[in-house]
Number of protein chains: 4
Amino acid sequence: MAKTRVGIINVTGYAGVELARILCQHPKVQLTSVTGRSAAGQVLDDFFPHLKGAGLNIEARLGEVDVAFSAMPHKESARELLPLIEDGLKIIDISADFRLKDPEEYPQWYGFTHPAPNLLTKAVYGLPELHRDVIKKAHLVANPGCYPTGAILALAPAVKEGLIDPDIIIDSKSGVSGAGRSLSLTTHYAEANEDTTAYALSGHRHMPEIAQELQMLYPGAPLAITFIPHLTPMTRGILTTAYAPLVKGKLADGEKGEEELLELYRDFYNDEPFVNVVTSPPHTKHTWGSNYCHIYATIDHRTGRLIAISAIDNLVKGAAGQAVQNMNLMLGMPETTGLESLAICP
Amino acid sequence: MAKTRVGIINVTGYAGVELARILCQHPKVQLTSVTGRSAAGQVLDDFFPHLKGAGLNIEARLGEVDVAFSAMPHKESARELLPLIEDGLKIIDISADFRLKDPEEYPQWYGFTHPAPNLLTKAVYGLPELHRDVIKKAHLVANPGCYPTGAILALAPAVKEGLIDPDIIIDSKSGVSGAGRSLSLTTHYAEANEDTTAYALSGHRHMPEIAQELQMLYPGAPLAITFIPHLTPMTRGILTTAYAPLVKGKLADGEKGEEELLELYRDFYNDEPFVNVVTSPPHTKHTWGSNYCHIYATIDHRTGRLIAISAIDNLVKGAAGQAVQNMNLMLGMPETTGLESLAICP
Amino acid sequence: MAKTRVGIINVTGYAGVELARILCQHPKVQLTSVTGRSAAGQVLDDFFPHLKGAGLNIEARLGEVDVAFSAMPHKESARELLPLIEDGLKIIDISADFRLKDPEEYPQWYGFTHPAPNLLTKAVYGLPELHRDVIKKAHLVANPGCYPTGAILALAPAVKEGLIDPDIIIDSKSGVSGAGRSLSLTTHYAEANEDTTAYALSGHRHMPEIAQELQMLYPGAPLAITFIPHLTPMTRGILTTAYAPLVKGKLADGEKGEEELLELYRDFYNDEPFVNVVTSPPHTKHTWGSNYCHIYATIDHRTGRLIAISAIDNLVKGAAGQAVQNMNLMLGMPETTGLESLAICP
Amino acid sequence: MAKTRVGIINVTGYAGVELARILCQHPKVQLTSVTGRSAAGQVLDDFFPHLKGAGLNIEARLGEVDVAFSAMPHKESARELLPLIEDGLKIIDISADFRLKDPEEYPQWYGFTHPAPNLLTKAVYGLPELHRDVIKKAHLVANPGCYPTGAILALAPAVKEGLIDPDIIIDSKSGVSGAGRSLSLTTHYAEANEDTTAYALSGHRHMPEIAQELQMLYPGAPLAITFIPHLTPMTRGILTTAYAPLVKGKLADGEKGEEELLELYRDFYNDEPFVNVVTSPPHTKHTWGSNYCHIYATIDHRTGRLIAISAIDNLVKGAAGQAVQNMNLMLGMPETTGLESLAICP
């Protein structure tokens with residue numbers, strides 16, 4: 001039987017090439033077309049020598065496929081995808097163009113008017129741990145941002161169970177590949193190495209996405225969320241440390257409360273193939289190259305605060321791996337197909 | 001005229017060797033004696049080749065000096081220093097043994113009963129930006145911890161001015177040298193490289209120190225402080241991101257409020273030779289090898305929160321540099337003597 | 001049909017845990033027993049959280065298996081393996097204990113008298129690219145060292161074809177994981193980061209192994225080999241740059257000679273599943289986490305010298321991956337089984 | 001007395017800003033003018049926050065100075081400097097434009113015809129260890145390249161004393177800052193981190209410079225030199241490992257020969273303030289931020305080869321520090337003025 005044909009629009013960025021790496025090795029689909037602008041005409045594994053044997057040419061336009069991934073920048077992605085959506089292809093968009101439900105947020109956060117606001121309600125936010133059932137039936141999946149993936153997974157159990165007051169601080173530390181393959185002084189080796197810094201203090205674009213998804217889990221009152229991303233000198237990985245005041249009386253005092261909290265997290269993620277609730281603070285290194293998210297939650301007893309921490313590989317669970325997880329669901333395949341690789345460590 | 005003779009107890013750790021580096025080049029004092037346990041008998045610049053020309057032997061016991069720095073581990077430091085204190089030497093202790101005013105905190109946080117609780121009130125907490133005048137007259141200065149230096153400097157203006165409610169979260173990201181020169185799996189290259197993690201979630205020893213100093217600035221109500229340190233893959237540097245709710249009505253709305261906030265920080269640190277209030281989020285890299293602390297403060301308008309960020313070199317302003325700054329004050333010298341070196345960047 | 005049962009002696013070092021990672025995911029064998037000394041009694045994926053789901057206990061003694069890998073240190077490995085060899089198990093020894101044919105080399109290079117010198121001739125040096133046919137029939141395979149793997153593969157075609165004079169310089173640059181999981185100041189993060197250094201200048205233990213294998217390919221005259229390893233601040237990877245004078249007249253002048261040289265390398269490695277002859281200098285990063293070796297060869301026309309460069313992941317092709325490649329051959333399976341993963345990059 | 005006024009042309013690259021860092025802190029000269037193209041009009045310490053207090057504006061054209069440093073790219077540097085040379089300023093050119101004596105080499109290696117070939121004989125190659133006396137009298141000093149500085153210092157004693165045959169291999173490992181502040185994929189963090197690679201295999205531009213200077217020390221026969229640079233993941237530092245056959249009979253056999261060799265190196269560099277002949281393989285880390293060069297020389301007894309290794313900070317002794325060392329000599333000041341800072345380590 002012919003395998004499902006899949007294609008990648010803009011394979012030459014880091015999300016694109018990571019998609020290519022995973023899809024090349026996927027046992028149930030066939031990567032048949034990849035596009036790139038400046039690289040069109042080149043052989044994929046000349047352009048990316050670690051993809052040795054991929055055996056595809058980078059094209060200017062996407063060939064005929066059943067499923068298309070877009071790794072285009074925002075704004076351009078929607079424009080590129082609209083005709084494909086009309087053609088009835090199954091689409092996973094790695095850009096932000098279909099993540100936000102409210103079209104008003106696009107001018108505010110992304111600086112453009114959305115070209116197809118009606119699609120925003122039809123698009124499904126592709127976080128399987130929250131939206132698995134609708135993803136399965138979706139034709140258009142908006143793949144979550146890397147920071148939102150880590151932040152939402154760290155907080156979802158506590159928010160959903162009403163454990164915390166609606167007052168959340170999310171402090172994230174990301175590796176440099178999250179800034180993409182485009183050149184900038186920020187990602188110049190001699191500048192980024194041996195440096196840690198905060199950025200986007202007046203508001204990062206992943207903020208409305210985090211708010212939208214957490215708010216859905218907490219219908220009672222508006223959440224006040226502060227989200228500050230940081231750049232740390234590593235290639236991959238996001239560690240997210242989230243803080244929120246615990247509602248009094250929901251958990252037992254002392255160590256027993258910590259156990260109840262972990263138990264609640266374990267229950268929430270019990271059947272999740274890619275979420276590990278761990279018993280000590282997670283390391284980004286333990287997720288390197290894998291689709292796993294490690295989560296730890298504990299209590300600061302002095303102040304009665306929840307501390308929830310997640311670790312992911314920003315290019316896998318934070319981008320390409322999760323996109324393939326979504327594809328598997330959309331195609332009715334076992335969700336873990338092609339994604340079972342363990343992290344590579346050290 | 002003979003230079004003041006200074007000595008370093010336990011020169012072989014990272015704080016010790018950094019002290020040696022600075023004191024070797026100090027124009028007004030003479031480093032005349034350094035001690036080390038296992039390294040006793042070796043030549044200092046054979047042991048540390050970057051100190052070429054230092055020309056000192058590492059001794060088992062401190063020679064005759066006027067000022068002694070201790071870079072011993074806690075508990076051992078107090079024991080070693082007691083006779084020197086009795087002898088009337090001027091002492092700067094880099095360990096935690098004289099930082100906390102309340103003797104009860106030592107068993108709780110450090111696991112030992114303090115051998116000389118009466119000295120705790122006489123010792124001065126050596127953060128010149130807060131205690132310059134008493135440091136000048138002190139015989140025993142407790143040099144602040146690396147995390148407290150960054151955290152207190154980031155928050156002091158806001159706390160002192162009553163800008164914030166007493167509910168503070170401090171999220172710090174430290175380079176690996178902060179864990180010292182003793183071997184551990186945590187600081188093994190292949191484990192620490194390409195990794196970020198949180199640690200000490202049940203309470204880091206620098207916590208009571210931060211609380212003590214900030215509380216002094218905020219006599220009205222008890223401060224609730226959550227402090228979570230993180231390890232990031234760099235050799236030096238601490239970036240501290242602090243969050244607290246702003247008291248309403250103290251600052252103007254919008255950008256004007258941000259300007260007022262920065263102005264208030266600038267005023268607070270106006271005469272400080274080693275604190276730079278900067279106008280964009282600071283980089284640890286910009287403090288590398290120097291005694292400077294870069295501080296930025298801004299407002300998260302969506303939530304009405306203060307975000308205050310500081311960057312230091314943990315081994316200089318966070319340890320050895322600050323110790324020499326204290327010595328300069330104690331000896332009546334210009335505070336910046338021997339500490340003017342600019343950061344080395346990139 | 002029951003899968004072949006395999007076991008790992010000393011799973012707690014970096015070669016051991018990398019073996020566990022690969023064998024856990026191997027489709028045709030079952031990892032049924034792993035041992036560790038200090039870690040005995042612990043669960044493997046508690047000890048190594050990135051192996052989530054491995055579901056094995058670390059034991060003090062190896063359970064019943066068909067194939068055993070030893071990741072013990074040299075000297076101890078032979079002692080541990082002798083009874084298993086007698087029992088007829090198939091053995092792949094990652095230590096150096098069966099690599100050298102001449103028992104006299106063990107006292108000289110490793111400081112011990114070999115306990116079973118008669119086995120040295122029976123053991124097969126497990127570099128499939130040179131010894132595939134005998135590996136297939138072997139019961140005892142000595143898995144090559146990481147440096148020898150890179151060095152021999154870089155030079156074998158040129159040496160075998162008599163392209164060069166017997167006067168070779170091998171300058172290797174290794175990531176820090178090559179020094180293992182045992183703690184040392186050399187591998188302490190703050191010491192190894194932002195540092196490059198040469199070591200073992202009076203003779204590295206991998207030297208006789210390189211000499212033995214290259215000499216077999218060059219029976220005419222004794223080879224003079226200088227091998228200098230270097231430590232560079234990365235976790236994984238070995239880049240080997242080898243230099244040797246070209247015999248005059250074997251290759252055409254100018255660019256044509258370069259093409260002939262690459263062609264000769266391509267022919268030599270034509271059927272090799274894990275060797276890629278590349279057309280520009282290889283990057284260690286392009287082999288990260290994979291069993292591939294990338295090789296480039298060119299000519300320094302000014303001096304008439306061959307420059308041959310190889311890149312490998314020291315823990316995969318340089319240790320655990322190659323060990324599994326050997327196992328596959330010994331068990332009559334397709335050589336690439338369980339080893340097809342592409343490198344993870346960036 | 002008025003201090004000598006010095007200026008920097010193109011302060012915005014890494015050599016330029018490092019010059020600014022050193023000159024700002026130089027006790028005997030005054031940095032009065034700095035230029036930059038795109039950055040003109042900005043304040044120097046806004047552009048480079050680690051230069052806090054420098055208090056200079058970046059200008060489009062150099063103001064009136066007594067000494068000018070050029071940190072312009074090659075070809076442009078000569079063009080910019082010609083009028084200043086005519087005006088009689090003392091010039092230190094960090095570019096390659098006056099390093100090579102033979103004008104024919106410029107088209108071959110740098111792709112342009114030299115605009116003032118007559119100046120090439122007047123310019124002095126600014127390696128004080130070889131040319132101190134002429135530097136003192138020079139008006140135009142060509143500051144050596146970073147690789148040549150390390151390579152020539154490693155080999156000069158052996159070449160000058162005729163210890164080796166004229167057949168040299170130089171394998172250098174450089175930090176990424178050597179590639180400058182201009183953006184490129186090669187220096188993009190996610191590409192350069194966790195990678196080592198060789199480059200410029202068909203001939204690096206620093207090659208003729210190394211050859212010119214070593215040949216001057218070895219008038220008897222043409223030297224055959226292979227020079228291969230490598231990029232390693234660190235910000236600063238060059239480690240150079242040089243190999244050459246020892247002439248038989250010049251040194252004693254065994255360990256005694258090694259001692260004689262080190263003694264010969266020590267004698268050669270006896271009065272050099274910035275060269276340390278060390279007794280074990282040097283670490284780039286031990287030179288970080290300093291003007292020191294650490295050199296080690298030993299013998300590979302198996303092959304009768306010299307191994308000479310040097311470590312420098314590529315931006316200090318390999319660029320800006322050496323430029324200031326030259327300036328000090330040209331101005332008749334103590335050579336070490338403003339350059340005495342010890343390396344910062346770890």
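**Stop 1: H11 in chain D**

Select H11(D). The helix has 15 residues, yet its end C-alpha atoms are only 18 Å apart. A straight helix would reach 21 Å at 1.5 Å a residue, so H11(D) falls short of that span. Keep in mind that this is a predicted model.

Now pick Gln322(D). Here H11(D) bends by about 45 degrees. Show the surroundings of the helix as well. 15 of the 15 residues of H11(D) are buried, so the rest of the structure largely encloses this helix.

Step past the end of the helix to Gly332(D). This glycine follows H11(D) and has a positive phi, near 75 degrees.

**Stop 2**

The peptide bond from Cys345(D) to Pro346(D) is cis, and its omega is near 5 degrees. Pro346(D) sits in the segment after helix H11 (316–330) of chain D.

Move to chain B and pick Cys345(B) and Pro346(B). The bond between them is cis too, with omega near 5 degrees. Pro346(B) lies in the segment after helix H11 (316–330) of chain B.

**Stop 2**

Select Asn10(D). Asn10(D) is placed in the loop between strand E1 (4–9) and helix H1 (14–24) of chain D. Is Asn10(D) buried or exposed? With 26 C-beta neighbours inside 10 Å, Asn10(D) counts as buried, because 20 or more are enough for that class.

Switch to Ala200(B). Phi is positive here as well, near 55 degrees, and again the residue is not glycine. Look for Ala200(B) in the loop between strand E9 (197–198) and helix H9 (207–216) of chain B. Ala200(B) has 15 C-beta neighbours inside 10 Å and therefore counts as partly exposed.

**Stop 2: where chain D meets chain A**

Show chains D and A together. A rotation of 180 degrees, with 0.0 Å of shift along its axis, superposes chain D on chain A with an RMSD of 0.0 Å. That is how a two-fold axis relates its copies.

Pick Tyr189(D) to find the axis. Of the residues of chain D, Tyr189(D) comes closest to the rotation axis, with its C-alpha at 2.0 Å.

Next, colour the contact. 13 residues of chain D touch 13 residues of chain A. Helix H8 (residues 189–192) of chain D gives the most to chain D's side, with 3 residues. By class, that side has 7 nonpolar, 5 polar and 1 charged residues. Through which surface do the copies meet? 100% of the interface residues of chain D are also interface residues in chain A, so the copies meet through the same surface.

Terms used:
Residues numbered from 1 in each chain as written. Chains lettered and ligands numbered in written order. Predicted model: local features only at pLDDT ≥ 70, side-chain atom pairs only at ≥ 80, totals over all residues. Least-squares fit on C-alpha atoms with pLDDT ≥ 70 in both. Contact = placed C-beta atoms within 7 Å. Helix = DSSP H or I, 4+ residues; strand = E, 2+ residues; numbered from the N terminus. Buried ≥ 20, exposed ≤ 12 C-beta atoms within 10 Å, placed from the backbone. Nonpolar A, V, L, I, M, F, W, Y, C, P; charged D, E, K, R; others polar. Bend = angle between axes of the 7 residues up to and from the residue.
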